[in-house]
Each structure stands twice: as C-alpha cells, then as structure tokens.
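Grab your viewer and work through these exercises one at a time. Try each task before you read its solution.

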Amino acid sequence: MGELIPGDDGNLVEEVGSWATTKHEYLRRYIDISRGVRQRFIGPRNAGASYIDLFSGPGRAKIRNGEFIEGSCVAAWEMSRRGGSPFSQVIIADSDPERLDLAERRLLQAGAPVKAHLGKAADTAKVIAMGLNPYGLHFAFIDPFNWPPLTLR
C-alpha cells in the first residue's frame, strides 16, 4: 500500500497509476451491462445482488500527476445506482483500518448499503461468503493494491 495523501474531498486518498482509469472504465461497463440481470435479484422479495471488494482501499484515488477519481467500490456503487439497478449491498474489506473507514464513509455518503470487514482478504472472503444468500447474485472485484503485473507469454 502506498502513502495516503490529501484528497480533493477533504479526506485522504491513495495515489495510483494511470491504468486505474482504464480499469474503472471496464468495471463500470460490466456493472452497466449486467444491470438487467441484477434487476431480477433486487427488491423486497428477491435474494439480492451484492458487490464485493476485498481490497477496497480508501474509496478515492489520485492519478499520479493527474486527476482525482472514485475508488472501485464507489465507482461500482455509483454505476449500479445510475443504471437503475443498485446493488442490495456493497461489501468492502481491507487490511488497513484507516482505508476501510475512508471507503465506508464515502460509500455511506453516496447512499450505499455498505458492510465493512477489517482483515486480510483470505480471512474476510470466508466470513463474507458465509453471510451471502446462496440464491443471490454476487459480483466480487478482486484487485489487490500494487499486485505484480501478469506477464503473458
């Protein structure tokens, strides 16, 4: 994890590479194209649709030498809401309590039904999985910070 720096919203953010913009574009596109399916799972008598982010970070970032952007968990929530099929729950996890708190506060400000879990992904994934409705639709976004790039040969 990188150092937290002052953000444009008065809270701390992480500094990330320019690829984050493209990554979030793909995430938003997936959330958008899956809204029809997600719609069938949301509502009072349905099993629900969850967004799960095991490496939530602080929920906002700054592109190095560039602009501020939403973090993946906030971007996913906002796209689901804008598409008219908001997730029934947004489940976030992080091993850093400060980052987790920042993400949770940002999601709550955005109106998300958020549940936060502090701990390492391998541990929180088990706890989260045990609490999911087996008949629901669940989308897990697995994107650890500073993961070594995959080299295809």
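**Exercise 1. Find how many bridges join β6 to β7, and which way the two strands run.**

Step 1: count the bridges: five of them join β6 to β7, and the two strands run parallel. Strands here are DSSP runs of E with at least two residues, helices are runs of H or I with at least four, and both are numbered from the N terminus. Two strands pair if DSSP finds at least two bridges between them.

Step 2: Isoleucine 92 stands opposite alanine 116 in β7.

Step 3: turn to β3. Four bridges join β3 to β6, again with the strands running parallel, and tyrosine 51 has valine 90 as its bridge partner in β6.

A word on ground rules before you go on. This is a predicted model, where local features need pLDDT of at least 70 and side-chain atom pairs count only at pLDDT 80 or more, while totals for chains, interfaces and linings use all residues. Residues are numbered from 1 along each chain as its sequence is written, and side-chain values use heavy atoms, with hydrogens and water left out.

**Exercise 2. Work out how many residues of β6 are buried, and which way they point.**

Step 1: set the cut-offs. Buried means under 20% relative accessible area, exposed means over 50%, and partly exposed is in between (1.4 Å probe, protein chains only).

Step 2: apply them. β6 is mostly covered, with six of its six residues buried.

Step 3: sort by direction. Gln89, Ile91 and Ala93 point one way, Val90, Ile92 and Asp94 point the other way, and all are buried.

Step 4: zoom in on glutamine 89, which sits in strand β6. Glutamine 89 counts as buried because its relative accessibility is 14%. Leaving aside residues up to four places away in sequence, glutamine 89 touches Ala49, Ser50, Tyr51, Pro113, Lys115 and Leu132; contact means heavy atoms within 4.5 Å.

**Exercise 3. Which residues of helix α5 are buried, and what covers them?**

Step 1: list the buried ones. In α5 (residues 121-131), these are Ala121, Thr124 and Ile128.

Step 2: look down the axis of α5. The buried residues fall within an arc of 70°, so they line one face of the helix; the arc is that of the directions from the helix axis to the C-beta atoms. As a rule, an α-helix has 3.6 residues a turn, so residues three or four places apart point the same way.

Step 3: name the cover. β3 (49-53), β6 (89-94) and β7 (114-118) are among what covers the buried residues of α5.

Step 4: check a distance. Isoleucine 128 and alanine 140 are twelve residues apart in sequence and 11 Å apart in space, C-alpha to C-alpha. Alanine 140 lies in strand β8 and counts as partly exposed because its relative accessibility is 42%.

**Exercise 4. Trace the aromatic pairs: how many does the structure hold?**

Step 1: count them. There are three aromatic pairs. Rings of Phe, Tyr and Trp (its six-membered ring) pair if their centres lie within 6.5 Å; planes under 30 degrees apart count as stacked, over 60 as edge-to-face and the rest as tilted.

Step 2: take tyrosine 51 with phenylalanine 87. This pair is tilted, at 5.6 Å centre to centre and 50° between the planes. The pair links distant parts of the chain, 36 residues apart: tyrosine 51 is in strand β3, and phenylalanine 87 is in the loop between α3 (72-82) and β6.

Step 3: take tyrosine 51 with phenylalanine 139. This pair is tilted too, at 5.7 Å centre to centre and 35° between the planes. Here the partners are 88 residues apart, with phenylalanine 139 in strand β8 (residues 137-141).

Step 4: check burial. Tyrosine 51 is buried at 0% relative accessible area, phenylalanine 87 at 4% and phenylalanine 139 at 19%.

Step 5: join things up. Ring pairs link Tyr30, Tyr51, Phe87 and Phe139 into a cluster.
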